[in-house]
Amino acid sequence: MNDSLIIAGRKFKSRLLLGTGKFPSVESLRCSIEAGRAEIVTVALRRVDLNNPGSGIISAIDRNRQLLLPNTSGARNAEEAVRLARLARAAGCGNWLKLEVTPEPRYLLPDPVETLKAAEILINEGFTVLPYINADPILAKRLEETGCAAVMPLGSPIGSHRGIRTIDAIKIIIEQSNVPVVVDAGLGVPSDASIAIETGADAVLVNTAIAIAKNPPEMARAFAMAVEAGRIAYLCNRDFQTRRTEHACASSPVKGLPF
Amino acid sequence: MKLVINGKDYVFEHDSLDLLSLLEIIDTNADTVVAEVNGEIIQGDYFGETALNDGTRVELINIVGGG
């Protein structure tokens, strides 16, 4: 099936973006990238641990096959996000960026004002910006108009495994968006990914649910299959949601019963 | 001299150091690190000619796993 995901003019076969945090080992991450067929992988930037320099995470990523998408996680405002973005570029991560501004640690919800402010600055500096946002259709539109390459509305708080609690707003974002919609955060099981993609999201980003599974590569494979199933279902049946009824509708013939 | 590396004070016997030499001393691979010196990003090519003096603030950042 020739059905590519296109972000900022670049084609991807996979609609599963993989986060690289919390994996038990570099090898587990490498196998999960492979099993999940991920072509976009996120990374973070942190201070070097002077007692244990070199995390080795980068060795799990084949940059000929996977696009590195550094995030600005930990940034609490636009200024910190811009600083992390510039550091990411200086670290050789390229121009793509998952913009993330989360001012409070309990729910890690994104700050819409600071995110928009940072997006404007970074787009002017030539970054390809994919902002992590609450499922806010107006904000999504504003970010698209600013020049963001995609929007990444959350399903539920990061790492919460609560699945997609924002489905109605995500549907509006999908309906109105002219850039890809990547559902990010909170996806706990593969069926959550299926729901997002069946609904018309262009891709999903998953990290914790795969990284902390008993067998991360197998869970990555399960998510990849769920994403593929969701996409096929979406393409076959775009209007399935409008066919929902309150009552039953027999699938066996109602005529010809022997009584 | 004293350097502030990643927010902590470290004392060195040297009167001055360049960034590349500092990375060697603290056994950190220059190829995998991005640095800020007094708030300014230093590209890897310039590590060897970036002088660090008493009180210089150095941030050493690397890529880690993240979502």
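Axes are lines fitted to C-alpha atoms, for helices over the stretch in contact, and angles run from 0 to 180 degrees between N-to-C directions. This is a predicted model in which local features need pLDDT of at least 70 and side-chain atom pairs count only at pLDDT 80 or more, while totals for chains, interfaces and linings use all residues. Residues are numbered from 1 along each chain as its sequence is written, and chains are lettered from A and ligands numbered from 1 in the order in which they are written.

**View 1. Helices H3 and H4 of chain A.** The axes of helix H3 (residues 112-124) and helix H4 (residues 137-146) of chain A come within 10 Å and cross at roughly 10°. H3(A) is therefore roughly parallel to H4(A) (angles under 35 degrees count as such). Helices (H or I, at least four residues) and strands (E, at least two) are DSSP runs, numbered from the N terminus.

**View 2. Residues joining H3(A) and H4(A).** From H3(A), A:Pro112, A:Leu116, A:Ala119, A:Glu120 and A:Ile123 meet A:Leu139, A:Arg142, A:Leu143 and A:Thr146 of H4(A) (contact: C-beta atoms, placed from the backbone, within 7 Å). Six of the residues in this contact are nonpolar, one is polar and two are charged.

**View 3. The side of chain B that touches chain A.** Chain B gives 20 residues to the contact and chain A gives 28 residues. Strands E4 (33-37) and E7 (57-65) of chain B each supply two or more residues to the chain B side, and E7(B) has the largest share, seven residues.

**View 4. Strand pairing between the chains.** Strand E4 (residues 40-47) of chain A runs antiparallel to E7(B), joined by five bridges. A:Ala44 has B:Val64 as its bridge partner in E7(B).

Conventions:
Contact = placed C-beta atoms within 7 Å. Pairing = 2+ DSSP bridges. Parallel < 35°, antiparallel > 145°, perpendicular 65-115°, else oblique. Nonpolar A, V, L, I, M, F, W, Y, C, P; charged D, E, K, R; others polar.
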